[in-house]
Amino acid sequence: MQESRLDLFIKRIIAQRDCLNLAAKLIACSPGSIIELGLGSGRTYDHLREVFPYREIYVFERDVAAHPDCTPPSKYLLEGDFKNTLPNAHKIIGSPVALIHGDFGSAYPERDANLARWLANALDALLQNGTLLITDRPLPNKSWTVQPLPSTVPRGTYYMYRV
């Protein structure tokens, strides 16, 4: 029997939370800011603020529609299409990036795969040795090392890489 969309959503959100909580331990001694690719309603950004209270969190979002309490200050919000905001982001951020989280998947696998291929190259200017990347779609970059996921994360739900 096929899982309902609600069940799939719950699995993905639990996987996301568990991966981000693991990331907090994995980068505890690494300097750098956090990047969130996609704001959505702001739930993940809110969790990132809780898990990383002393780090700068930069959010990239095409069209901000988050709850007002979960919207980053304008200094940390880069509005517009990823293809317009990411290429020069390293100049704005100006510091190493310890973690990049991307929740950019949709109901359109081909579109997601194209965006993932583009992101796998576009993120290079933001990366340093040791940067951790966590996404809901696989990112095809052969220079990154696939990392083990928490045991609670079903295969194919989330992906973790280390530069």
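**Exercise 1. How many aromatic pairs does the structure hold, and which geometry does the pair of Y58 and Y76 have?**

Solution. The model examined here is a predicted one, and the structure holds two aromatic pairs. One of them is formed by Y58 and Y76, whose rings are 5.0 Å apart centre to centre, with 65° between the planes. Since planes over 60 degrees apart count as edge-to-face, that is the class of the pair formed by Y58 and Y76.

**Exercise 2. Work out in what order the strands of the open sheet follow one another, and which strands are at the edges.**

Solution. The open sheet is built from seven strands, and reading across it gives the order β3-β2-β1-β4-β5-β7-β6, with mixed pairing. The edge strands, each of which pairs on one side only, are β3 (77-79) and β6 (145-146). For β6, the pairing is with strand β7 (residues 159-162), in the antiparallel sense and over two bridges. At the level of residues, T145 has R162 in β7 as its bridge partner.

**Exercise 3. Describe how helix α2 is placed against the sheet and against helix α1.**

Solution. Begin with the sheet: helix α2 (residues 43-51) lies across β1 (33-37), β2 (57-61) and β4 (97-102), and runs at about 170° to β2. Turn next to the helix pair. Two packed helices are described by the angle between their axes and the distance between the axes. For α1 (residues 5-26) and α2, the axes come within 10 Å and cross at roughly 25°. Because angles under 35 degrees count as roughly parallel, α1 and α2 are roughly parallel to each other. Their crossing is right-handed. On the side of α1 the contact is made by F9, Q16, R17, L20, N21 and A24, and on the side of α2 by R43, T44, H47, L48 and V51. Sorted by class, this contact of α1 with α2 comprises five nonpolar, four polar and two charged residues.

**Exercise 4. Locate L115 and state which residues it contacts beyond its neighbours within four places in sequence.**

Solution. L115 is found in helix α5 (residues 109-122). Once the neighbours within four places in sequence are left aside, L115 is in contact with F82 and F104.

Conventions. Residues are numbered from 1 along each chain as its sequence is written. This is a predicted model: local features need pLDDT of at least 70, side-chain atom pairs count only at pLDDT 80 or more; totals for chains, interfaces and linings use all residues. Side-chain values use heavy atoms; hydrogens and water are left out. Two strands pair if DSSP finds at least two bridges between them. Contact means heavy atoms within 4.5 Å. Axes are lines fitted to C-alpha atoms, for helices over the stretch in contact, and angles run from 0 to 180 degrees between N-to-C directions. Angles under 35 degrees count as roughly parallel, over 145 as roughly antiparallel, 65 to 115 as roughly perpendicular and the rest as oblique. A crossing is left-handed if the near helix is turned anticlockwise from the far one by less than a right angle, and right-handed if clockwise. Ala, Val, Leu, Ile, Met, Phe, Trp, Tyr, Cys and Pro count as nonpolar, Asp, Glu, Lys and Arg as charged, and the others, Gly among them, as polar. Rings of Phe, Tyr and Trp (its six-membered ring) pair if their centres lie within 6.5 Å; planes under 30 degrees apart count as stacked, over 60 as edge-to-face and the rest as tilted.
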